[in-house]
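Here are some quick notes to go with the model you asked about. Have a look at it first, then read on.

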Amino acid sequence: MNRFGIKFHVGALKTTSWWEHAIRFIFGGAITVIAGLLAKKYGPAFGGLFLAFPAIFPASATMLERHERMEKEEKGVDPGNRGCDAAALDARGAAMGSLALMIFAVFVWLLLPGTSAWIIAGAGASWLVAAATFWAMRKYRRRIFGIFMPAKQAKSSALL
């Protein structure tokens, strides 16, 4: 996975406290309840749209910004915009995941009411392919679309 720049840090779980997990759980549960209430009032297609809302994103983004800022401050380094940049990167990933989730929803919507595990598996596969495609398009956008960026600017925006 390192070839693609994708990393998994189990140790990062230790930096999060129990109340941060609780906040994410509450946000996610609240959005799910709201989607359920909207589905009950306006129908499942309308309510289902809100399930694509990245429910835990607002809590995650603020916590990510806080963690990045605190990490730099503990090292005695001016955090600058590092926390905001990290949250922006997280938002970009959430946006790509949400687009892929919309493809999942359209796939299921078009093929249901035939309730089959294969439909859900196919929709899940479509989500995975779409998310990977969006990520690859973002990662290799300069090569794919021929976007030129001066070396100095590319170096300064390496995180973004």
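The points below go from the overall fold down to single side chains.

1. Bear in mind that this is a predicted model.

2. On the totals: the protein has 160 residues, and 19% of them count as buried. Its accessible surface is about 11700 Å², with 71% of that belonging to carbon and sulfur atoms. If you take the contacts with a separation of 6 or more, 53% are between residues 24 or more positions apart.

3. Helix α5 is worth a look. It covers residues 117–139, 23 residues in all, and spans 33 Å from first C-alpha to last, close to the 33 Å expected at 1.5 Å a residue. Its buried residues are Ile119, Ala123, Ser126, Ala130, Ala131 and Arg138. What do they pack against? The partners are α4 (82–111) and α6 (141–145). When you look down the helix, remember that an α-helix has 3.6 residues a turn, so residues three or four places apart point the same way.

4. Is Glu20 buried or exposed? Glu20 has a relative accessible area of 2%, and since buried means under 20%, it counts as buried. Its side chain has a polar contact of 3.2 Å with the side chain of Arg66. Leaving aside residues up to four places away in sequence, Glu20 touches Thr15, Met63, Arg66 and His67, so Arg66 turns up both as a polar partner and in the list of contacts, where the cut-off is heavy atoms within 4.5 Å.

5. Trp19 is also found in helix α1. Its relative accessibility is 36%, and because that falls between the 20% and 50% limits, Trp19 counts as partly exposed. The Trp19 side chain makes a polar contact of 2.7 Å with the side chain of Ser17.

6. Finally, the surface. Tyr42, Phe46, Leu49 and Phe50 make up a nonpolar patch there, with about 420 Å² of accessible area together. Which helix gives the most to the patch? That is helix α2 (residues 44–51), with three residues. Phe46 has its place in α2 and is partly exposed, at a relative accessible area of 34%.

Key: Residues numbered from 1 in each chain as written. Predicted model: local features only at pLDDT ≥ 70, side-chain atom pairs only at ≥ 80, totals over all residues. Heavy atoms only, no water. Helix = DSSP H or I, 4+ residues; strand = E, 2+ residues; numbered from the N terminus. Expected span 1.5 Å × (residues − 1). Buried < 20%, exposed > 50% of the residue type's maximum accessible area, 1.4 Å probe, protein only. Patch = residues over 30% accessible without salt bridge, like charges linked within 9 Å, V, L, I, M, F, W, Y side chains within 5 Å. Areas by Shrake-Rupley, 256 points an atom, 1.4 Å probe, with all protein chains shown as cover. Salt bridge = Lys/Arg side-chain N within 4 Å of Asp/Glu carboxyl O. Polar contact = N/O pair within 3.5 Å; in protein donor to acceptor, adjacent residues only side chain to side chain.
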